[in-house]
Protein chains: 2
Amino acid sequence: MADSSLVIGFDLGGTKMHAAAVDTHGHVIHSERCKTLAADGADAVIDRMIGLCTRILHELGPRAADVRALCVGVPGGVDDERGIVDTAPNLGWSQVPLVERLSGALNLRVFLDNDVRVAVVGEHAYGVGKGTRTMVGIFVGTGIGGGIIVGHHTHHGGRGVAGEIGHMTLMPHGPRCSCGKRGCVEALASKTAMLREVNKLIKQGWTSRVPKLMRKHGSEVLTSSVIERALDGDDEVMVKVMRDAQYYLGLLAGNLVNALDPEVIVIGGGIAERLGERFVGRIRDHAYKHFLVQRDREKVRIVPTELKDLGAPLGAAFLARERLQGRLDSAPGPRHGTASWPGPSA
Amino acid sequence: MADSSLVIGFDLGGTKMHAAAVDTHGHVIHSERCKTLAADGADAVIDRMIGLCTRILHELGPRAADVRALCVGVPGGVDDERGIVDTAPNLGWSQVPLVERLSGALNLRVFLDNDVRVAVVGEHAYGVGKGTRTMVGIFVGTGIGGGIIVGHHTHHGGRGVAGEIGHMTLMPHGPRCSCGKRGCVEALASKTAMLREVNKLIKQGWTSRVPKLMRKHGSEVLTSSVIERALDGDDEVMVKVMRDAQYYLGLLAGNLVNALDPEVIVIGGGIAERLGERFVGRIRDHAYKHFLVQRDREKVRIVPTELKDLGAPLGAAFLARERLQGRLDSAPGPRHGTASWPGPSA
């Protein structure tokens, strides 16, 4: 008999949230998204999360009864054992008991993981990394996050905090990072670092349309869309800043290849989603130059995300199934039975 | 019935070779060592390797019949499938069919691996890393090598070349490395890099006893013993150069922790064997400062080698057993039966 079960993969971002009901084949049956509006506080955001899931369950109709679990990718550190979001700086969250709130309202098993890790799992399960044993994800946004797959599984590490590749030092006396250290790749190649460099060059007398484009977009941060427009217009500052960032990301990729020799490195995040090969091409070129072992270097694929912003929901859905399976196997009990949808009043 | 089988773990170094017959518990039954004298050429070195194994088998007496396999840790890249040493720069070897030569002469199954990887396996199986899921080895000598254990097993990577942590870039415009790139940690913190810095400071007018100590030891390279004596004499140049190297090694360790979050980092190689905590203490201090996640940082143990120069023979022995087992399981056949010792004339 075919397995008709569904799970919900949830991507909780700093600016928007995006959830999808996913079947056993990784097909999205229904998805919803809305703004996060983190400034409203954790309670309001969690209410919106519950509302989004409720809409999905409503749209699923009778198939809502097939939904077995929910996994949320959170932009920060989570304690999945205790069901708590430790810290999520972009949301302003600290020690938020997210699992209790969501499972209470939705009557579903709820799991948590980091948003980037979840997106890497998505690319591994359903995207560019399908079938690979070793894979690394580098996600470039306002920060730089990552995820590492070894032996077909997410590598969590001894304290459960592996994958923080954005905070590998590339330049010991380089610019200060948001983490307090100097010369992390995040301080050299994130959108935050790019904006700092754009402003520095403008102060040095270079001309750039970037500030005007940002005002036009009503944005105080450097968005992927502003970057694209500036590059389309051959903005000399944006071109230089982008090339520098690609160089550092190539170094990071090269370092990770020398250490881990993965079969694939997926480059994700807003810029990669928007620019694809135009962003990744130079990263790959620089990375290849930094491989110690040049033999078969093209066997290490360095490629843009395939799933784009569906990576995180699909990865979260994959993890929901995996964990549900693991926990059902190891600790069967009344809470682990077939979930049924009791309606939002539960 | 107790398993009385033995394997030989062989550490082929650039200056000396060291082999040990090891039982199922990792106890050394008999070991032998001699000089490598690589300048004599591959044939002469291989003859010496055969001679060393022959002496061990002779000393084992009737137990020689219990020896099942031999695994050699080689200072370079190996192709274990084809049984060939690809390149071993310290030996001046390229494309040497070592397995054929040794198995023909000794009538034993012979396996190859990289010497540092093998030493990391030794520390994982029998030393500081016993029982850990994730472990990293950083071996500091004339170069810097490494090995990575994930999920209790050596991580080889897609092309089989993982663990080249000495060639992770730490300073994009730093000193030139032997590999041709700039600012690899090997170009900043190996004994070769330390000697370059010692000479640079002396040229700048600093005074140091290091050149005199090197002449006294008849050495053109900076040995661990010269380093120790210079530090014992509070040689200002050696103290500064050592502190810089410890800083870069701490950065490397911190980077690897941010990426992989291992339970233990073992620091090996000649300096670590000789100086132990005196070498590793400052590396640990710098590394801890560079952890992104400070929570439970002391759970990441950063420690000197426990097995010292027995790590490689013990690790090679462990791998010999593991591979013998794997191959026996997957491809039984006449060559895989109980080995018997036919005498040196074979």
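This is a predicted model: local features need pLDDT of at least 70, side-chain atom pairs count only at pLDDT 80 or more; totals for chains, interfaces and linings use all residues.
Two copies of a chain are related by a rotation about an axis and a shift along it. Here, chain B is superposed on chain A by a rotation of 180 degrees with 0.0 Å of shift along its axis, at an RMSD of 0.0 Å. That is the relation of a two-fold axis. The interface agrees in its membership: 100% of the interface residues of chain B are also interface residues in chain A, so the copies meet through the same surface.

The contact draws on 45 residues from chain B and 45 residues from chain A. Between them the chains bury about 3,500 Å², and 59% of this area lies on carbon and sulfur atoms. Arg159(B), Asp261(B) and Leu292(B) contribute 21% of what chain B buries against chain A, more than any other three residues.

Two salt bridges are counted between chain B and chain A. One joins Arg159(A) to Asp261(B), with the closest N and O atoms 2.9 Å apart. On the chain B side, strand E10 (144-150) and helix H8 (236-260) each supply at least two of the residues that touch chain A. H8(B) gives the largest share, eight residues. By class, this side of chain B has 20 nonpolar, 14 polar and 11 charged residues.

Strands of a sheet pair through backbone hydrogen bonds, either parallel or antiparallel. In chain B, an open sheet of five strands runs in the order E11-E10-E9-E12-E13, with mixed pairing. Its edge strands are E11 (153-154) and E13 (301-304), each of which pairs on one side only. At the E11 end, E10(B) and E11(B) are antiparallel and share two bridges; Val150(B) stands opposite His153(B) of E11(B).

Another antiparallel pair in chain B is made by strand E2 (residues 16-22) and strand E3 (residues 28-35), joined over seven bridges. Lys16(B) stands opposite Lys35(B) in E3(B). The hairpin of E2(B) and E3(B) has five residues between the strands, and Gly26(B) in this hairpin takes a positive phi near 85 degrees.

Notes
Residues are numbered from 1 along each chain as its sequence is written. Chains are lettered from A and ligands numbered from 1 in the order in which they are written. Side-chain values use heavy atoms; hydrogens and water are left out. Contact means heavy atoms within 4.5 Å. Buried area is the accessible area (1.4 Å probe) that two parts lose on being put together, summed over both. A salt bridge is a side-chain nitrogen of Lys or Arg within 4 Å of a carboxyl oxygen of Asp or Glu. Helices (H or I, at least four residues) and strands (E, at least two) are DSSP runs, numbered from the N terminus. Ala, Val, Leu, Ile, Met, Phe, Trp, Tyr, Cys and Pro count as nonpolar, Asp, Glu, Lys and Arg as charged, and the others, Gly among them, as polar. Copies are superposed by least squares on the C-alpha atoms of residues with pLDDT of at least 70 in both. Two strands pair if DSSP finds at least two bridges between them.
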